[in-house]
Amino acid sequence: MGRYNFVGNPLYYVATVIDVAKKEVQSEDNPESTILKLKIIKEMNVFDISTENCPLITYCNIEKDDNNDFTAYLIPNFLASCCLYLNKKERHTVDAIKYKS
């Protein structure tokens with residue numbers, strides 16, 4: 001389960017710093033990962049909350065205490081589900097969620 005994934009759907013994590021990407025995806029249970037360099041060639045609609053300074057976004061980005069405790073992901077997963085709902089029902093498109101890690 002990822003922080004801003006739609007529940008039950010793993011997604012890609014993209015980072016500008018390799019060590020940040022590793023920290024996001026690796027754990028004691030899963031010490032290996034594949035890291036790729038990519039170039040985005042298509043314009044994307046990004047829900048950018050990387051510079052937001054509000055309690056909700058701060059809560060969404062807290063570090064987990066335990067690798068198996070995903071309660072810290074409940075609100076971010078809900079926000080991702082809202083984006084998915086907008087994509088399906090309202091004909092808005094959210095291709096990615098950008099947040100500060």
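1. The lining of the second largest pocket draws at least two residues from each of α1 (18-25) and β2 (96-98), where helices (H or I, at least four residues) and strands (E, at least two) are DSSP runs, numbered from the N terminus. A pocket here is found on a 1 Å grid over the protein atoms alone, as an open set of points where a 1.4 Å probe fits, with protein on both sides within 12 Å along at least five of seven lines, and lining residues have an atom within 4 Å of a point.

2. This is a predicted model, in which local features need pLDDT of at least 70, side-chain atom pairs count only at pLDDT 80 or more, and totals for chains, interfaces and linings use all residues. Residues are numbered from 1 along each chain as its sequence is written, and side-chain values use heavy atoms, with hydrogens and water left out.

3. The second largest pocket is lined by 27 residues, and those nearest its centre are Tyr13, Val14, Ala96, Ile97 and Lys98. Its lining divides into 19 nonpolar, 4 polar and 4 charged residues, with Ala, Val, Leu, Ile, Met, Phe, Trp, Tyr, Cys and Pro counted as nonpolar, Asp, Glu, Lys and Arg as charged, and the others, Gly among them, as polar.

4. Val20 belongs to helix α1 and is partly exposed, at 33% relative accessibility; buried means under 20% relative accessible area, exposed over 50%, and partly exposed in between (1.4 Å probe, protein chains only). Neighbours within four places in sequence aside, Val20 is in contact (heavy atoms within 4.5 Å) with Ala15 and Ser101. Tyr12 lies in the segment before α1 and is exposed, with a relative accessible area of 80%.

5. The largest nonpolar core consists of 6 residues, namely Tyr4, Ile49, Ile57, Cys60, Leu79 and Tyr99; such a core is a set of buried Ala, Val, Leu, Ile, Met, Phe, Trp, Tyr and Cys residues joined through side-chain atoms within 4.5 Å. Beyond its neighbours within four places in sequence, Ile49 is in contact with Tyr4, Ile57, Ile97, Lys98 and Tyr99.

6. Cys82 is partly exposed at 30% relative accessibility, whereas Cys83 is buried, with a relative accessible area of 5%.
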